[in-house]
Amino acid sequence: PIDESYPAARISYLLTDSQARWIVGSPDESARLGLDHLPLCWLDLSSEQIDRSPNHNPEPVNRPTDLAYIIYTSGTTGHPKGVCVEQRSVIKNAKYPSYMQIGDTDRMLQAGSLSFDAAVLPIWSALLHGIPLHLEPDELVHAFHELSAYIRESGITLAVLPTTLFNQLSREYPETFAGMRYVVAGGDVISASQVSRLVAAYPALHIVNGYGPTENTVISTAYTIQGSWEEDRTVPIGRPVSHSTAYVMNDQLQLLPAGIAGELVVGGAGVARGYWKREQLTAEQFVANPYVEGERLYRTGDLVRWQADGQLYFLGRID
């Protein structure tokens, strides 16, 4: 996935590094995006083409371990890394989210950049459950009052939001969440005071504090709040979601007891295949599970600890 608002140099890097051959979009965009120098074939999915396509379900052509996509990290510590995610990892998150109940009458909002892996959850959850999907209009990305009105007028009941956006909307426009059943926030520290006020005002609202690196496909652990919350109490990142595992380990991959800080190491069906064309880095970060034969784990580099209440609490980065 490519965010058209990215600088031309980043777009060119993503397409070149991934060795993309086809791009879905209008060929007229090539010059505007600075892609004329790349050997790409454009697949223009106009409405006429779609109308001529068959409307029956296609025959299955993929296995669970086939590649679903390559998605790139932000690149804040160097060149962006392409993470290779398999079909099974998408299904694990989008079809069977243990932290969110999806009903036939729900409407899903996807907010934020399509190039970040958080977009995988709302897009594929909506498509795999057959409910309407609302993509945040570009003109509302920084217009919070208008975005709040759009959410309420569209009848959005489920949303996946960057934590910074959730914190801002809940602080300035709490009425945004009046008609929602679930909002999943992730990517930063969630505001406990805002959570406390929201769940008190809207008893039907579930606020999910989701944690997960791109390398473990969107969400690894989650904690759900409904009804009440003490505003001075830190919101934990919870426990592993379905088909996932989480360990707190030392640098020798030995388990640490509750109360002792260590590295969060995650596993399960969400673990990606590895980094695209970076074998050494893949070997360093994706390691064998010393406790389960044949299973791979991902070392997150995040510092956490189990508390006595059985929940994981995020402390920061190890580095």
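In the hairpin formed by strands β16 and β17, five residues lie between the strands, and G310 takes a positive phi near 80 degrees. The model is predicted.

- Strand β16 covers residues 296–306 and strand β17 covers residues 312–317.
- The two strands run antiparallel and are joined by five bridges.
- V304 has F314 in β17 as its bridge partner.

**Strand β10 and its neighbours**
- Strand β10 spans residues 221–225 and is mostly covered, with four of its five residues buried.
- On one pairing, β10 runs antiparallel to strand β9 (residues 206–211), and five bridges join them.
- Within β10, T221 stands opposite Y211.
- Strand β10 also pairs with strand β11 (residues 239–240), again antiparallel, through two bridges.
- T221 has a bridge partner in β11 as well, namely P240.

**Aromatic pairs: Y13 and Y72**
- Seven aromatic pairs turn up when the whole structure is searched.
- One of them joins Y13 and Y72: the ring centres are 6.4 Å apart and the planes stand at 75 degrees, so this pair is edge-to-face.
- Because Y13 belongs to helix α1 (residues 8–17) and Y72 to strand β3 (residues 67–72), the pair ties together parts that are 59 residues apart in sequence.
- Y13 has a relative accessible area of 22% and is therefore partly exposed, since buried means under 20%.
- Y72 has 8% relative accessibility, so Y72 counts as buried.

**Aromatic pairs: Y223 and W229**
- The ring centres of Y223 and W229 lie 5.7 Å apart with the planes at 65 degrees, which means that this pair is edge-to-face.
- Y223 is buried, at a relative accessible area of 16%.
- W229 also counts as buried, with a relative accessibility of 10%.

**Aromatic cluster**
- Three residues, Y275, F286 and Y298, form one aromatic cluster.

How values were computed:
Residues are numbered from 1 along each chain as its sequence is written. This is a predicted model: local features need pLDDT of at least 70, side-chain atom pairs count only at pLDDT 80 or more; totals for chains, interfaces and linings use all residues. Side-chain values use heavy atoms; hydrogens and water are left out. Buried means under 20% relative accessible area, exposed over 50%, partly exposed in between (1.4 Å probe, protein chains only). Two strands pair if DSSP finds at least two bridges between them. Rings of Phe, Tyr and Trp (its six-membered ring) pair if their centres lie within 6.5 Å; planes under 30 degrees apart count as stacked, over 60 as edge-to-face and the rest as tilted.
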